[in-house]
Amino acid sequence: MATQTQDAGQAAVETAKVGMPQLDFSTFSNQIFWLVVTLVVIYFILSRIALPRIGGALADRAGTITNDLAEAEELKQRALEAEQAYEKALADARAEAQSINIAMRAEIQAQLDVELAKADAQISARTAEAAAALGEIRNSAMVSVKDVAKATAKEIVAVMGGKADAKTVTTAVTARMKG
């Protein structure tokens, strides 16, 4: 039994000396075969399945990016056109507002001129009426003064003891009033 134990112990020492099985030169050919088989299988899986899918996804992504950039450029151009149209419409609206403003000022000035002309005509008419009324008052005052002067002259002549006829008194008062 001691030999069996010794043989088992020697086998364990030999196994321990070998170390990692990947570094055992006796199994290199087997390991290289399976390495090549595994690499070929991985190559076919990648080249037939995974890489075409990844390439397709990259191509789709590149196409989407290109389309999005083209659409963004188109939208930018539309925005510039819309801004130009807005600026033009704003300028047109300002010009129209200015022309309306000028037209309204002209219309208001025309109405003001008409109203001023009416007011001037009314003032002229009232001034003429006032002048006519003043003339009438002056004439009536002159007639009243003439009547008062005649009556006073008759009374003065009568008080002094003379007799004056109405024609002589009227002639004397008229001559004196004329200057």
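User: Arg78 counts as partly exposed, at 49% relative accessibility. What do buried and exposed mean here?

Analyst: Buried means under 20% relative accessible area, exposed means over 50%, and partly exposed is in between (1.4 Å probe, protein chains only). This is a predicted model, in which local features need pLDDT of at least 70 and side-chain atom pairs count only at pLDDT 80 or more, while totals for chains, interfaces and linings use all residues. Residues are numbered from 1 along each chain as its sequence is written, and side-chain values use heavy atoms, with hydrogens and water left out. Across the protein, buried residues make up 1% of the 179 residues.

User: Which secondary structure does the protein have?

Analyst: Helices and strands are DSSP runs numbered from the N terminus (H or I, at least four residues, for helices; E, at least two, for strands). Here there are three helices and zero strands, giving the pattern α-α-α along the sequence.

User: How does the span of α2 relate to its expected value?

Analyst: The expected span is 1.5 Å times one less than the number of residues. With 132 residues, α2 reaches 181 Å from its first C-alpha to its last, close to the expected 196 Å.

User: Where does α2 bend, and what follows this helix?

Analyst: A bend is the angle between axes fitted to the seven residues ending at a position and the seven starting there. In α2 the bend is about 45 degrees, at Leu46. After the helix comes Gly161, which has a positive phi near 100 degrees.

User: How many salt bridges does the structure hold?

Analyst: Look for a side-chain nitrogen of Lys or Arg within 4 Å of a carboxyl oxygen of Asp or Glu. The structure holds three such bridges. In one of them, Arg78 meets Glu74 at 2.6 Å, N to O. These two are four residues apart in helix α2 (residues 28-159), so about one helical turn separates them. Glu74 is partly exposed at 40%.

User: Which residue pairs with Asp92, and which with Glu115?

Analyst: Asp92 bridges to Lys88, with the closest N and O atoms 3.2 Å apart. Both lie in helix α2, four residues apart, about one turn. Lys88 is exposed at 54%, whereas Asp92 is partly exposed at 39%. Glu115 meets Lys118 at 3.9 Å, N to O; they sit three residues apart in α2, so again about one helical turn lies between them. Glu115 is partly exposed at 46%, and Lys118 is partly exposed at 48%.

User: How do I read aromatic pairs, and how many are there?

Analyst: A pair of aromatic rings is described by the distance of the centres and the angle of the planes. Rings of Phe, Tyr and Trp (its six-membered ring) pair if their centres lie within 6.5 Å; planes under 30 degrees apart are stacked, over 60 edge-to-face, and the rest tilted. The count here is three. Among them, Phe25 and Phe28 are edge-to-face, 4.9 Å centre to centre with 75 degrees between the planes. Tyr43 and Phe44 are also edge-to-face, at 5.7 Å and 65 degrees.
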